[in-house]
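We will walk through it one region at a time.

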Amino acid sequence: MYLAAFLMDSAVMVVFATTPFFVLTQLGGDEAMAGVVGAIQTGAYALSCLVSSRFVAQTQHGLRWALLGIVLFVFFSCLMPLYHHYIFCSVVTFLAFVALGLVWPALLSWIGGEPDASRRAKQMSYFTIAAGCGFALSPLMGGPLYDLDYRLPFVALAILGFAILALILSLPHEKEHAA
């Protein structure tokens, strides 16, 4: 789970960190346009988390929501470099970050299924550390890849997405995890 958290936040930050460069260099946008696209990303993610957290934890197998969110996040994000238009970029990034809002509530709910409070707290702290490290280190990957070719961060995102899916699929069901 911790490696999945590290890779997931790495994937998120690859998209989040390279999108302004994409807007500026490939779309011919300015700083305001880059800011609007960034606001679309963060706003869509925040609202999606607020909505999805209400139903993700109530499902039989909440990790299915994480899997769906990962697939859609990667899919929509990887569409961005295919068509160089501001509206297209805004729509696909909106859809990607709405999908991302399915992932974290599901992963946190999985950890929250641990019945022992001290063990649950320890797992949550390790999860948070792993995610934070992925968030902090991934620009070191995304930036140089973007410098080589603006499409490479999206290729890296797809590779990360497959790895994350494999890791999430290897996790036990919440009921087995909590037992």
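Which side chain does the side chain of threonine 19 join through a polar contact of 3.1 Å? The partner is the side chain of glutamine 41. Keep in mind as you look that this is a predicted model.

Let us stay with threonine 19 for a while. This residue lies in helix α1, and with a relative accessible area of 2% it is buried, because buried means under 20%. A polar atom of its side chain also lies 2.5 Å from the backbone oxygen of valine 15. If you set aside the neighbours within four places in sequence, threonine 19 is in contact with Val37, Gln41 and Met80.

Two of those names lead us into the next helix. Val37 and Gln41 are among the buried residues of α2, together with Ala34, Gly38, Ala44, Ser48, Cys49, Ser52 and Val56. An α-helix has 3.6 residues a turn, so residues three or four places apart point the same way. The buried residues of α2 pack against α1, α3 and α4.

At its N-terminal end, α2 is capped by aspartate 30, which places a side-chain oxygen 3.3 Å from the backbone nitrogen of alanine 32. Further along, centred on leucine 50, α2 has a kink of about 25°. What about its overall span?

To see one member up close, pick methionine 8: beyond its neighbours within four places in sequence, methionine 8 is in contact with Ile70, Phe73, Leu100, Val103, Trp104 and Ile164.

Aromatic rings give another way to read the model. A pair of aromatic rings is described by the distance of the centres and the angle of the planes. Across the whole structure, a search finds 9 aromatic pairs. One of them joins phenylalanine 22 and tyrosine 150 in a tilted arrangement, 6.1 Å centre to centre with 40° between the planes. Phenylalanine 22 sits in helix α1 and tyrosine 150 in the loop between α6 (139-148) and α7, so this pair ties together parts that are 128 residues apart in sequence. Phenylalanine 22 counts as buried at 0% relative accessibility, and tyrosine 150 counts as buried at 15%.

For a second pair, look at tyrosine 83 and phenylalanine 88: their ring centres are 5.3 Å apart and their planes stand at 85°, so the pair is edge-to-face. Here tyrosine 83 counts as partly exposed at 47% relative accessibility, and phenylalanine 88 counts as partly exposed at 26%. Returning to phenylalanine 22, ring pairs link Phe22, Tyr150 and Phe154 into a cluster.

One last stop is glutamine 123, in helix α5. Is this residue buried or exposed? At 11% relative accessibility, glutamine 123 counts as buried. From glutamine 123 to leucine 82 there are 41 residues in sequence and 39 Å in space, C-alpha to C-alpha.

Methods. Residues are numbered from 1 along each chain as its sequence is written. This is a predicted model: local features need pLDDT of at least 70, side-chain atom pairs count only at pLDDT 80 or more; totals for chains, interfaces and linings use all residues. Side-chain values use heavy atoms; hydrogens and water are left out. Contact means heavy atoms within 4.5 Å. Helices (H or I, at least four residues) and strands (E, at least two) are DSSP runs, numbered from the N terminus. Buried means under 20% relative accessible area, exposed over 50%, partly exposed in between (1.4 Å probe, protein chains only). A polar contact is a pair of N or O atoms within 3.5 Å; within protein, one must be able to donate a hydrogen and the other to accept it, and residues adjacent in sequence count only if both atoms are side-chain atoms. Rings of Phe, Tyr and Trp (its six-membered ring) pair if their centres lie within 6.5 Å; planes under 30 degrees apart count as stacked, over 60 as edge-to-face and the rest as tilted. The bend at a residue is the angle between axes fitted to the seven residues ending there and the seven starting there.
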